[in-house]
Amino acid sequence: MRTPPRTSTARTASTGHTGHTGRTGHTGRTGRPALAALLAAAALAVTAAGCGSAAEEAGGGSPAGNGGGGGVTVTHLKGSTTLKAPARKVVALEWTYAEDLLALGVSPAGVADVEGYGQWVTGGPRFGADVRDVGTRQAPSLETIKALKPDLIITSKVRSEANYAQLNEIAPTLMFDPYSADGEYEEMRATLKTIGTAVGRPEAADTALKELDAKIGAAKRKLDAAGEGGTEVTVARGYTTDGAAVVEVLTGSTIPGGLLPRLGLRNAWRGQADAYGMSKVDIEGLKPVEKSSLLYVAARNDDVFATALPKNALWRNLDFAKNDRVHALDPGTWFFGGPYSTARVADEIADALTS
């Protein structure tokens, strides 16, 4: 990930981005039948006590290993890391990777900002009471992490580029970029598989992705049955900062952008992506996509699409506003997560366009 967006208090009510402070005061829908088996398995998972591990920094290679007690080697942004055995005691410093661990049936030993995860990342199982909070995602406590004696630390480039060496001294540390310019959807899938190898659960990663594909397939069939196949849509998020409404439109490089063609939909937005795959626009900037259907996420207590924007005559004259094609997704929809969150995005899109 590149440079993080602002995390000022003005954005506390924004619509969940891993680089942002998140939303406030929402309660999302939680259960999703197609993932019931995985949810149950993850909820029952218990992390075993730590086993010995060592890291080697090298170049090249690809994820390799097995689910037994043998060594595993995985490739990440910092090169290639070899563990003497699959990791059992793992600390996740990015919410995406904490969700990945739960999807793999692994309860992390520590997570950055446990309370925030529980509030904003509403898809999938919850953490057990034994999961230790290791501080904020921006500035985790190295002392707390060290005290946990983890076998493995997983983090993102934006969080830990500056202190990677310190983390790697505590335990082998894998670093990924969830906002890869090559596409966040494919990055999410590839990273889940790599983490699955690192914790000795490659089959669980395959299962989680099959469940995700099944969920996407079901959402596509729902859209096709309603005659929505081929519909042009624009996906956005909105929030208030410094007293003004802000709209960010998601490009094709984001997870929702990657989902749209798999759902049989077309992304109407062709704007330039920022470091996170989004385009910040004003109302006039939405004019090129006014013939599409607008799908958005906003906090319940800061829904600028339902409050501030309709006060503007330019907004009211946009075709999607005049013809009731503006659809709110559940505020608990998380655009930047792992397989549970991604499946929920697919469900929310299908529900919005068919309800």
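Accessible areas here come from the Shrake-Rupley method with a 1.4 Å probe, and for residues only the protein chains shown count as cover. On that basis the accessible surface of the protein chain is about 13,800 Å², and 52% of it belongs to carbon and sulfur atoms.

Before going on, the source. This is a predicted model, in which local features need pLDDT of at least 70 and side-chain atom pairs count only at pLDDT 80 or more, while totals for chains, interfaces and linings use all residues. Residues are numbered from 1 along each chain as its sequence is written, and side-chain values use heavy atoms, with hydrogens and water left out.

Now the overall picture. The protein chain has 12 helices and 13 strands; these are DSSP runs, H or I of at least four residues for helices and E of at least two for strands, numbered from the N terminus. Of the 355 residues in the chain, 56% are buried. Buried means under 20% relative accessible area, exposed means over 50%, and partly exposed is in between, with a 1.4 Å probe and protein chains only. A contact means heavy atoms within 4.5 Å. Among contacts between residues at least 6 apart in sequence, 66% join residues at least 24 apart.

Next, helix α2. How many of the residues of α2 are buried? Nine of the nine, across residues 95–103, so the helix is largely enclosed by the rest of the structure. The buried residues include Trp95, Tyr97, Glu99 and Asp100. After α2 comes Gly105, with a positive phi near 80°.

Then a helix pair. α7 and α8 pack with their axes 7 Å apart, at an angle of about 150°. The axes are lines fitted to C-alpha atoms, for helices over the stretch in contact, and angles run from 0 to 180 degrees between N-to-C directions. That angle makes α7 roughly antiparallel to α8, because angles over 145 degrees count as roughly antiparallel, under 35 as roughly parallel, 65 to 115 as roughly perpendicular and the rest as oblique. On the α7 side the contact is made by residues including Tyr185, Met188 and Leu192, and on the α8 side by residues including Pro202, Leu209 and Ile216.

Last, the charged pairs. Side chains of opposite charge can pair when their charged atoms come close. A salt bridge is a side-chain nitrogen of Lys or Arg within 4 Å of a carboxyl oxygen of Asp or Glu, and by this rule the count is 16.

Glu186 and Arg262 form one, at 2.7 Å from N to O. This pair links distant parts of the chain, with Glu186 in helix α7 (residues 184–198) and Arg262 in helix α9 (residues 255–262), 76 residues apart. Glu186 is partly exposed at 40% relative accessibility, and Arg262 is partly exposed at 34%.

Within helix α8 (residues 202–225), Asp224 and Lys220 are four residues apart, so about one helical turn separates them. Their salt bridge has its closest N and O atoms 2.8 Å apart. Asp224 is partly exposed at 39% relative accessibility, as is Lys220 with a relative accessible area of 29%.

Are Arg344 and Asp330 buried or exposed? Both are buried. Their side chains meet in a salt bridge at 3.3 Å, N to O. Arg344 lies in helix α12 (residues 339–354) and Asp330 in the loop between β13 (326–328) and α12, 14 residues apart.

Finally, Glu94, Arg137 and Arg159 are linked in a network of salt bridges.
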